Amino acid sequence: MDEPDIELLRERLNRDPEIAFILPEGPGHWRAVWQIDDAQGQTMLWHVPGGPLPLLRRGAEKDSLIEDPFAGWTACRAGRDKTVPYFGPSWPSALLLSLFPPGWRGLPRDSIPVSGLGWYGRMMGVSPLPTRRWWQRFGSWIRRRSVRVTRDGPLFEPHADIWAMPAGLRAIQSGMERRYDSYSFG
C-alpha cells in the first residue's frame, strides 16, 4: 500500500465514531484513542459497539474485562507480536490493521507491500452483529475506492484476490512489484 492510500484510510478511520485505536504507552501498557496521526505498521483497532476488551490473565487467574480502555491498562499476558496488544486468538471486537508503505522499516522501496485489515472474530464465528455490520460498511467503502487485482502475474485475472487502492494501483501499473511476504512479527 502506498502512503497516499494509508493517509486515506487513516482519515476514514479517524472520522469513524465506532472505531478506536489501541496504542502503546510503554512496554506492556496500552491505551485506546479515537484518532491517530500515523497509521503505518500494525495497529489494533477496537470496534467499540462490538463489546468490551478482555484483560487476559496468566495461570489460574480468571480473565476479566478492561474497565476503561481510554484510561489505559497494563497487559498481564502478551502475544507473539509485542507491537500490538493481545486479546486472544479471536476476540470479536478487535481488528488488526496492517499498513506497510514501500521502504517501511527496511522493506524494499521498489515494491508495494500488501497491507490489510484482519478480523479474526469473523473467521471464528463469534462476531457480534454491530461489528458484522461495520465490517460490511467498511468493506463497501474499500471496494468503492479500489480495484481487485492478483497477488502476482497479470493484474486483472479471474482469481484476483486483493484490493489495490488508487496510489498503490498506479505504482503497480508503473512497474512496482507486489509483495505479500512483507512483514514478520516485531
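Let's start with R10, which is buried (under 20% relative accessible area; exposed is over 50%, partly exposed in between, using a 1.4 Å probe and protein chains only), at 14%. This is a predicted model, where local features need pLDDT of at least 70 and side-chain atom pairs count only at 80 or more, while totals for chains, interfaces and linings use all residues. Residues are numbered from 1 along each chain as its sequence is written, and side-chain values use heavy atoms, leaving out hydrogens and water.

R10 sits in helix α1, residues 3-15; helices (H or I, at least four residues) and strands (E, at least two) are DSSP runs, numbered from the N terminus. R10 also touches I36, D37, D38 and A39, leaving aside residues up to four places away in sequence; touching here means heavy atoms within 4.5 Å.

Who's the charged partner? E7 forms a salt bridge with R10, with the closest N and O atoms 2.4 Å apart. A salt bridge is a side-chain nitrogen of Lys or Arg within 4 Å of a carboxyl oxygen of Asp or Glu. E7 and R10 are 3 residues apart in helix α1, so about one helical turn separates them. E7 is partly exposed at 30%.

The structure holds 6 salt bridges. Another one links D161 to R151, at 2.8 Å between the closest N and O atoms. Both lie in the loop between β10 (147-149) and β11 (162-164), so this pair ties together parts that are 10 residues apart in sequence.

Now for the sheet: an open one of 6 strands, ordered β6-β2-β1-β3-β7-β9, with antiparallel pairing. Strands pair if DSSP finds at least two bridges between them. At the edges, β6 (73-74) and β9 (116-118) each pair on one side only.
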